[in-house]
Every structure is written in structure tokens, then in C-alpha cells.
Amino acid sequence: MHTLNIDSPLGKLSLYEREGAIIALRFGPAPAAAGDGAPVLRQAARFLERYFAGRAGPCELPLDPGGTRFQKQVWRLMREIPYSETATYADFAGRLKSVPRAVGQACGANPIPILIPCHRVLGSSGRLGGFSGGKGLPTKLDLLRREGALL
């Protein structure tokens, strides 16, 4: 596993790579960043730089989040939400024949926030729902505002 710490408007972010794919993005620095020469880490850092500058398109990086089959289904759907748009937990629950709470739990378990845009998933009637990264809901609001998503 290789790691790379980057600066962002949200503070330090740490990227984790294994076998050519991003496996995690965490808020805060990695304790011992090593191997920042991994090409996918540099690609992810450039993507995040463009994202925070408001110039990112869809994330087409190789991502390999570990999780259950259901979590991976939710994360796949999240990757389909276009920049500056949102979906709801209920939307996903309907598509997956599940319940919004289970979708919310999968969102909270997302190991690669921003790149897998769990911040774009909202509660019904525009309620924010939760966010487990950074400073919680203020971070989710910041990301949605950067994208110009309607709340």
C-alpha cells in the first residue's frame, strides 16, 4: 500500500493506493505517507486539485473500495450522480429494493469520499442527512456549495 498526503481547502487529505487503485481517502494526514510516486496517487491528487478549483469532470480513476456487495452497489450508484446534482437515500433504496437507512449506512461506510461522492446523497425533502468525513455536515455543505448543488 502507498499513501500520499495532499493539501486541500478542507485541510490535509490522505490518499491510499493498492495494486494501482485508490482504496481510501481520509480527512487528515496519513501518519507515515510513503510511496507517493504511485501513478494513480498523482492522478488522484491532480483530480482533487481540479475538483477544488471547480474544473473536475467525472471521476474516472480506478477505485477499489473494500465493502459488502450491498455497499459496493450503493457506491456504484453514487459514482453515477453527476457533478452538482444530488440524489436521495430513498431514490437509491428504491433502485436497490432496500430501505433508506441501509443506504445511509453504506454512505457512511464509504472509504473514498469525494471521489465516490457520498456528499451528493441527501435525505428526503432536501434534508442533508449525515456525513462522516472531515467536520461532518459542515464539510458536506462545503462540498455541495463548491459544486453549486441545490439544497
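Start by selecting His2: its bridge partner in E2 is Glu17. Now widen the selection to strand E1 (residues 2-8) and strand E2 (residues 11-18), which run antiparallel and are joined by 7 bridges. Strands count as paired here if DSSP finds at least two bridges between them. E1 and E2 make a hairpin, with 2 residues between them. The element names come from DSSP runs numbered from the N terminus: helices are H or I with at least four residues, strands are E with at least two.

Before you go on, a word on what you're looking at. This is a predicted model, in which local features need pLDDT of at least 70 and side-chain atom pairs count only at pLDDT 80 or more, while totals for chains, interfaces and linings use all residues. Residues are numbered from 1 along each chain as its sequence is written, and side-chain values use heavy atoms, with hydrogens and water left out.

Next, show the side chains of Tyr16 and Arg26. The charged end of Arg26 sits over the Tyr16 ring, 4.5 Å from its centre. That label asks for NZ of Lys or CZ of Arg within 6 Å of the ring centre and within 35 degrees of the ring normal.

Now for the aromatics: select Tyr51, Phe52 and Tyr83, which ring pairs link into a cluster. Rings of Phe, Tyr and Trp (its six-membered ring) pair if their centres lie within 6.5 Å; planes under 30 degrees apart are stacked, over 60 edge-to-face, and the rest tilted. The rule gives 2 aromatic pairs. Tyr51 and Phe52 are edge-to-face, at 5.2 Å centre to centre with 80° between the planes. Tyr51 and Tyr83 have ring centres 6.0 Å apart and planes at 80°, so that pair is edge-to-face too. This one links distant parts of the chain, 32 residues apart: Tyr51 is in helix H1 (residues 39-52), and Tyr83 is in the loop between helix H2 (69-79) and strand E4 (87-88).

Colour the trio by accessibility (buried is under 20% relative accessible area, exposed over 50%, partly exposed in between, with a 1.4 Å probe and protein chains only). Tyr51 is buried at 2% and Phe52 is buried at 14%, whereas Tyr83 is partly exposed at 24%.

Last stop: Gly130, in the loop between strand E5 (121-122) and helix H5 (137-147). Gly130 is partly exposed, with a relative accessible area of 40%. Leaving out residues up to four places away in sequence, Gly130 touches Tyr89, Leu137 and Lys140; contact means heavy atoms within 4.5 Å. To finish, draw a distance from the C-alpha of Gly130 to that of Cys118, 12 residues apart along the chain: 9.6 Å.
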